[in-house]
Amino acid sequence: MTIALLAGLLALLPTLGACQREAEPPPAPFAMTDEAMGRYCGMNILEHAGPKGQVILAKYDEPIWFSSARDAIAFTMLPEEPKDIRAIYVSDMARAQTWDEPGADNWVDARQAFFVIGSDRKGGMGAAEAVPFSTEEAAKAFAGDHGGDVVRFDAVPRDYILEQQAGDAPATSGEVH
C-alpha cells in the first residue's frame with residue numbers, strides 16, 4: 001500500500017507544479033514628467049542634471065522618483081525603506097541627449113545596467129554619481145572620457161552609495177566588476 005500511495009503522489013506532482021505561481025514580469029518604467037518629485041530631496045527631479053531613477057513597489061501604482069541614479073540604488077540598500085520592490089529603473093545615459101537632459105523615457109533596468117563610479121561627473125544634488133548605461137561599451141567609453149570604474153548593480157560598493165561625500169572619489173582600477 002505504501003508503494004501505491006507513493007506512486008499516486010508522484011503522479012500528482014505535475015499538477016502541483018501547475019498550481020505554483022509563475023514569476024510576474026516587472027512593470028514597465030514610467031515616463032518622467034513635471035510632477036516627478038525626488039524622494040530624498042523633495043524637489044522636482046527635472047531641475048537636476050544627470051541620470052535619474054525610479055523604483056516601483058508592489059503596493060503602489062506610481063513610481064518613487066529619485067533625482068539621481070545613486071539615490072535609487074541607496075533606496076535599495078537602506079534597511080528602513082520598503083523591500084517589496086518590483087522594478088528599479090535608471091536613466092540609460094547611452095541614449096541620453098545630454099548630461100543635462102537624460103531623457104524622459106530612456107530607462108534601463110538597474111539590475112542589468114553597467115554603472116560608472118568614481119567619474120568626474122556629479123549627480124543631481126552635486127554628489128558623486130553612479131552613472132548607468134545599457135551597454136558595457138558605452139560605460140567604458142564614458143569611463144575613458146570621465147574616469148572611473150565600470151561595475152554591475154550588485155558590485156556597486158555600499159560605501160560609495162551611502163557613505164561617500166560629494167567631493168570624494170574612490171580609488172579606481174579601470175576594471176569591470
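The points below take up a sheet, the helix lying across it, and one serine in a loop.

1. This is a predicted model, in which local features need pLDDT of at least 70, side-chain atom pairs count only at pLDDT 80 or more, and totals for chains, interfaces and linings use all residues. Residues are numbered from 1 along each chain as its sequence is written, and side-chain values use heavy atoms, with hydrogens and water left out.

2. Three strands form an open sheet in the order 6-5-7, with antiparallel pairing; strands (E, at least two residues) and helices (H or I, at least four) are DSSP runs numbered from the N terminus, and two strands pair if DSSP finds at least two bridges between them. Strand 6 (131-133) and strand 7 (149-152) are the edge strands, each pairing on one side only. On average, neighbouring strands are turned by 35° against each other, direction ignored.

3. Strand 5 (residues 114-117) runs antiparallel to strand 7 and is joined to that strand by four bridges, and isoleucine 117 has aspartate 149 of strand 7 as its bridge partner.

4. Helix 3 (residues 136-146) lies across strand 5, strand 6 and strand 7, at about 10° to strand 5, where axes are lines fitted to C-alpha atoms, for helices over the stretch in contact (heavy atoms within 4.5 Å), and angles run from 0 to 180 degrees between N-to-C directions.

5. Serine 68, in the loop between strand 2 (64-66) and helix 2 (69-77), counts as buried because its relative accessibility is 6% (buried is under 20% relative accessible area, exposed over 50%, partly exposed in between, with a 1.4 Å probe and protein chains only). Leaving aside residues up to four places away in sequence, serine 68 touches Pro51, Lys52, Gly53, Gly124 and Glu129, while its side chain reaches the backbone nitrogen of aspartate 71 at 3.0 Å.

Terms used
A polar contact is a pair of N or O atoms within 3.5 Å; within protein, one must be able to donate a hydrogen and the other to accept it, and residues adjacent in sequence count only if both atoms are side-chain atoms.
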